[in-house]
Amino acid sequence: RSAELAIVIGGDGTMLNIARTFAPYNVALVGINQGRLGFLTDLSMDTMFETIGSILDGSFITESRMLLQAAVLRGERQVLDVLAFNDVSVNKGAEGSLIEIEVHIDGQFVYNLRSDGLIVASPTGSTAYALSSGGPILHPSLNVIGLVPVCPHTLSNRPIVVSSESVIEILIHKAADARAHFDSHSHYELQERDKVIVRRCPHAIRLLH
């Protein structure tokens, strides 16, 4: 609660986990890359002492990135509340058959979707699973949320981008062993008539570069 800075040594997956933990406390993060890609952990191990020294001396720029907050409702009861940095996805499970979901945005019906799943991505997550599924690249400074169907059964179900103030509601019609995934680090088994509610988290991530 009293920390001002966290130095994260690892890969982007490590940063995703730490970011969700530290977000409520407004702790700035610096990432040193020991992984493969290094989108979020962008400092080199070879120069980390020099670079961290410069940051501690005040030579840095600050970047703010939004988080997603997701809840799972089973009937009138909330059974899960979790944060995601990259994305919240609803996917088919081991049975392999399509799942059927109904999507509402701000209480308005958007579409029924038969597919392998649906990804709700932050701008940070737009270059992860969502990009691999044909979604757009969203600049991290944008306050938007992307919805990207995964292998939709109908050609008219295309990726869309909505305001970060929007509330996305996903109603499960046919579960077929469906799961909700949060940054691919945690998941929750879904049942028919469950609702997954996704909105912008009031907390943001502060990255130093």
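I take buried to mean under 20% relative accessible area, exposed over 50%, and partly exposed in between, with a 1.4 Å probe and protein chains only. The model is predicted: local features need pLDDT of at least 70, side-chain atom pairs count only at pLDDT 80 or more, and totals for chains, interfaces and linings use all residues. Residues are numbered from 1 along each chain as its sequence is written, and side-chain values use heavy atoms, with hydrogens and water left out.

Entry on D194. I looked up its relative accessible area and found 1%, so D194 is buried. D194 sits in the loop between β13 (186–189) and β14 (195–208); strands are DSSP runs of E, at least two residues, numbered from the N terminus. A polar atom of the D194 side chain lies 2.8 Å from the backbone nitrogen of Q191. Beyond four places in sequence, D194 touches V72, L73, R74, I170, L171, I172 and E189 (contact means heavy atoms within 4.5 Å).

Entry on S164. I found S164 in the loop between β10 (160–163) and β11 (168–174). S164 has a relative accessible area of 3% and is therefore buried. Setting aside residues up to four places away in sequence, S164 touches M66, N143, V144, I145 and R200.

Entry on the cores. I used nonpolar core for a set of buried Ala, Val, Leu, Ile, Met, Phe, Trp, Tyr and Cys residues joined through side-chain atoms within 4.5 Å. The largest has 31 residues, and L147, I168 and I170 have the most contacts inside it. I listed the contacts of L147 beyond four places in sequence: V103, I105, L118, I119, V120, R158, P159, I160, V162 and I168. Another core, of 15 residues, lies apart from the largest one and includes A6, A23, L40 and L207.

Technical notes: Helices (H or I, at least four residues) and strands (E, at least two) are DSSP runs, numbered from the N terminus. A polar contact is a pair of N or O atoms within 3.5 Å; within protein, one must be able to donate a hydrogen and the other to accept it, and residues adjacent in sequence count only if both atoms are side-chain atoms.
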